[in-house]
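Here's a quick briefing to read with the structure open beside you.

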Amino acid sequence: LTLLLAAISSAALVMLVALVSACEANRLQGIIKATLNMFCAWCLAFASAAYISSRLAITDPMIAAAISAPAVALFMIMAIRVTDLVADMDSIGERGDEVLRCIIGLFGCCMVIPFLQCFR
């Protein structure tokens, strides 16, 4: 449930930034996007490791990260695939494509960050 809430809130924040982009400068928009992506990715990494360690009674954080990282990656790959299928629809439009690109970037960031916890 925590992972689902993190993914939904991450997507909502990225869509919000994409919608504000007409008013903001490109540099500020890039900083906000990167900050939100990293915030959501790190939250997802720690939440997934905490969930795995609580469910499997694992006390070593490295082992919890090593187990949770592939699970998060699999979930994010499926989310990217679904988002890509939505992006292929003709009814999305130019603005929708921009939002979906941001969401796919967020999912990619969320897929990579949990693996960083395995090598700390």
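How many disulfides does a search of the whole structure find? The count comes out at 0, bearing in mind that this is a predicted model. Here's the rundown by topic.

**Cysteines**
- Take Cys-40: the closest cysteine sulfur to its own is the one in Cys-110, and at 6.3 Å that's too far for a bond, because a disulfide needs the two sulfurs within 2.5 Å.
- Cys-40 has 3% relative accessibility, so it counts as buried.
- Cys-102 is buried too, with a relative accessible area of 12%.
- Leaving aside residues up to four places away in sequence, Cys-110 touches Cys-40, Ala-41, Leu-44, Val-72 and Met-76.

**The largest nonpolar core**
- This core has 15 residues, and the ones touching the most other members are Ala-41, Leu-44, Met-76, Ile-103, Phe-107, Cys-110 and Ile-113.
- At least two of the core's residues come from each of α2 (26-56), α3 (61-87) and α4 (93-116).
- α4 gives the largest share, with 8 residues.
- As a general point, nonpolar side chains in soluble globular proteins tend to be buried together.

**A look at α4**
- From first C-alpha to last, the 24 residues of α4 reach 35 Å, close to the 34 Å expected at 1.5 Å a residue.

Definitions and conventions: Residues numbered from 1 in each chain as written. Predicted model: local features only at pLDDT ≥ 70, side-chain atom pairs only at ≥ 80, totals over all residues. Heavy atoms only, no water. Core = buried A, V, L, I, M, F, W, Y, C linked by side-chain atoms within 4.5 Å. Buried < 20%, exposed > 50% of the residue type's maximum accessible area, 1.4 Å probe, protein only. Helix = DSSP H or I, 4+ residues; strand = E, 2+ residues; numbered from the N terminus. Contact = heavy atoms within 4.5 Å. Expected span 1.5 Å × (residues − 1).
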